[in-house]
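Here is a friendly briefing to read alongside the coordinates. Open the viewer and follow along topic by topic.

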Amino acid sequence: MLSKKQAIEVLNAGLSTGADYAEIFIEDRTNHGYGVENGEVKTATVSNTYGAGIRLLNKLQSVYGYTNDVSKKGLLSLASALSHSFEGKQEVFVKSLKLKNVKNRHPHIRPNDTVSDEEKIAWLKRGDKVMKEASDKIVRRNCSFSHYVNNITLITSKGFIFKDSKERARAYLSCVAAEGDKIEVGGAGPGASAGFEYFEKNVDVEKVAKEAADSALLMLNAKECPSGKMTVVIGNGFGGVIFHEACGHALEASAVSKNLSVFAGKLGKQIASPIVTAYDDGTIVNGWGSNNIDDEGNPTHRTVLIEKGILKSYLIDNFNGRRMGMEGNGACRRESYKFEPTSRMSNTFIGNGKSTPEEIIKATKLGLYAKSLKGGSVNPATGEFNFGCSEAYIIRDGKICEPVRGASLIGSGAEVLMNIDMIGNDLERAQGMCGAASGSIPTDVGQPTIRVQNILVGGNGGELK
Amino acid sequence: MKMNENIFFVLAKENGFEAADLIFEHSYSLSCSVFHKEVDSLTESDSYSVVGRGIVNGKFGLVSTEKIDKDTPEFLIKGIKETAGLIETNDPSIIFKGSEKYHKKNVFNKEVLSGDLTKQIEVLRLIEEKLRAYDKRIDEVAVVGYDETLSESTLSNSYGLKLKDKTATVSYYAEVTAKQGEEIQTGFKVFASIDPKEFDLEKFVKDVAEDALRKLGSVQCESKKYPTVLSPRTSSQLLKAYLSNLDAEEVEKKSSLFVGKLHQQIASKKLTVIEDPLKKNIFFEYHDEEGVATYKKFLIKKGILETYLYTLETAKKAGVEPTGNGARGARTGSTLHYSYVKPGKKSLDELLAPIQEGVYITNLEGLHAGMNTRSGNFSLQAQGFMIRNGKLAEPLSLITVAGNLVEVFSSIKEIGSDSEFQLNGLESPSIYIKKLAISGK
């Protein structure tokens, strides 16, 4: 590992041609993965991610490089290659480095590395058994578990060394149901920045598995979803992907700073219905999208994005913050050393409202109940988004009626936020992977049950009657 | 960075492994992007990785690492033993001795690796300038970027097989926004090739700008079923999803749409799809990731399913030869190499000519969420144009297109002649589908 003296030398090599900021990001991550297929262990893997990234900033320019050669020689050669992008004289000098203590706010009672392979596999097999017993129509079961410890060293020309160790683990339980020509899938993926105690205590593996199987079986016999503009009630938990796609990405400084977001210039203005308050909170204890510090060394933050419909804050990294004249707020993230970090979400969710989920359904005469959603995507410049429903029903006269399959929801973020007219009191979060410029990172989405007027529903079942 | 392969294979033998293999990869790339004429990002990277596999008591162990030094062989051996010891399935574990013949071609073009971004930055600035000048309605040039990447890999195993690959890829990409009143539309394009001479700057600028401009004035159409023409890109996207059912493992596990359909009709007679991994382009592969030689073959011939895609394991289980489609990850699966749809005779204009009222689909979004490749059902966000009296009319945005892949490819009316290379590796022309459900208003 690089000594302080060597790190100072590397930073100064990077700064030698006029860059105003330099940082070294070193990562050593070991990941363990287990896969149980149809009741038997099919895969087991160990993978090690190891390397360093160097970033130099010069006003509004950034240069980035990465290598697996984490020796002084390797990093000096990279820093000096990157410095050739600028042609000035050195103005910032690093003379000393101070170790900043990073407090771990996400305790691990049973680190996953200390839990035996057998115990983790036995946990997966409990889920597998429930799915197998759910029906003969379940033709394929896949249960996987993976965990890693990621040891990070971040050294910046502001004179600090941050050392952080992140532990994350995630399970994925999925199945395929088939009957004749019809095939449907169901699945769920609970995860946390925690040890194995999370999976023992907070995840009811039998329940998660049963719900995945039931959902696939139910969709087998569901009718095709009707299409057209409808009132849509979106279930809690992963339903929050609507906010993630419709609004979250467009609040990232990477889009806002270049005026490439529909929400650029809208701070202090009403962008959502007055009943909407939404947060991005990277501090949630053991949260899947939580961190102690972000990838620029700023502490993670609970950020109020929207308060009573008014836009309060963006998600800002230091670099894009320069273009906006604003400070970073702990939102700078990356997948690994192979990615230049930028502004991203952490755990993003709509806060609780006043209605019960039952009241929301009861108040809906005709519409779609999108109980659970799959992923989606958005174009931040236009705000247009889409996402798919994994389980959905028609609501008639205030009651949940027939299930429908193949529904997708399409809209523009700005419109949907204004059209939220009821919010439940059953906030839940769910885990996902979010892909964008700085790679694929763990994020939580979340919301209580909400109702949105006038969403375009795509499906193959004709008009809703 | 180097690792001593021999030490790994000697250790594997000493530890009683039945067989072992290694994939060693190296990648070097230079890239940069320009915003408002300034370089806003520049990246240089040099990275190595090694994946080791071994068969211990008939089971596969798998370890990968990016920390490559004298301790790496022992790290791999230890991890392979541990992971192999956990495997319970009795599926065949095979490390391949080698194909009789490999059709290796040199696709490496050293001109791709300029090693100097100064000239490229000027090219990017020129592209930005031309994009801004293209039309008053071009509101912003969000990004203009360049990348050159060298990829090298060596697959070697304890039977003495050694397969080397070396390619270099150049790419340019750009995104613009166009504005008209309050309406914003985006245009985007990526060019990627093994030959920098193929880059046509003027055409690239035109394609990016027009991609945004032609969407301005978009409306939503009436919701109903329309005769639908899929653009080359969207044809390729839907067909690629359909072809994911070729995976022999999905077939074996009864979760493919093609179960029991080998040598049967799975699409209209007008559809022929050929896999050509040996074509010299960015997708060239003369062997798969298990070391099996690839070859040119029909996947669908006049609507008839010609083959599934087999790995060593699925081929052995089915009692057939592997097809050179193995892909390695945590577990070995299959992958489709570069393929193309056999083009028809009619131009796009001729395809559109008989359609009184229909829809031409140019963009599909959210395929990871709105597409169920196993059931074939999809419901996707789309953009495109109305077709009126045989010609493209007003642009459409925020519409959805829904259907089932089996129905779509069984009801092809016509296949166009306007084939376009696609970055998903499946080249396709426009395809005219009898009817698809489109939702808008």
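## Helix packing in chain A

Helices α3(A) and α5(A) cross in a right-handed sense, where right-handed means that the near helix is turned clockwise from the far one by less than a right angle. This is a predicted model, in which local features need pLDDT of at least 70, side-chain atom pairs count only at pLDDT 80 or more, and totals for chains, interfaces and linings use all residues; side-chain values use heavy atoms, with hydrogens and water left out. Residues are numbered from 1 along each chain as its sequence is written, while chains are lettered from A and ligands numbered from 1 in the order in which they are written.

- Residues 117-134 form α3(A) and residues 205-220 form α5(A); their axes lie 8 Å apart at an angle of about 35 degrees. Axes are lines fitted to C-alpha atoms over the stretch in contact, with angles from 0 to 180 degrees between N-to-C directions, and helices are DSSP runs (H or I, at least four residues) numbered from the N terminus.
- On the α3(A) side, the contact includes Trp123(A), Arg126(A) and Gly127(A), and α5(A) brings residues including Ala209(A), Lys210(A) and Leu217(A); contact means heavy atoms within 4.5 Å.
- By class, this contact holds eight nonpolar, one polar and three charged residues (Ala, Val, Leu, Ile, Met, Phe, Trp, Tyr, Cys and Pro are nonpolar; Asp, Glu, Lys and Arg charged; the others, Gly among them, polar).
- Lys210(A) also forms a salt bridge with Asp214(A), with the closest N and O atoms 3.0 Å apart; a salt bridge is a side-chain nitrogen of Lys or Arg within 4 Å of a carboxyl oxygen of Asp or Glu. Both residues sit in α5 of chain A, four residues apart, about one turn of the helix.

## Helix packing in chain B

- Helices α1(B), residues 5-14, and α2(B), residues 72-84, pack with axes 9 Å apart at about 35 degrees, and this crossing is right-handed.
- Among the contact residues are Phe8(B) and Leu11(B) of α1(B), and Leu76(B) and Ile80(B) of α2(B).

## Interface

- In all, 75 residues of chain A are in contact with 68 of chain B.
- About 5,700 Å² is buried between the chains, and carbon and sulfur atoms give 51% of this; buried area is the accessible area (1.4 Å probe) lost on putting two parts together, summed over both.
- Nine salt bridges link chain A and chain B; Glu88(B) forms a salt bridge with Lys125(A), at 2.8 Å between the closest N and O atoms.

## Confidence

- The model scores ipTM 0.89 and pTM 0.92.

Note on methods:
Helices (H or I, at least four residues) and strands (E, at least two) are DSSP runs, numbered from the N terminus.
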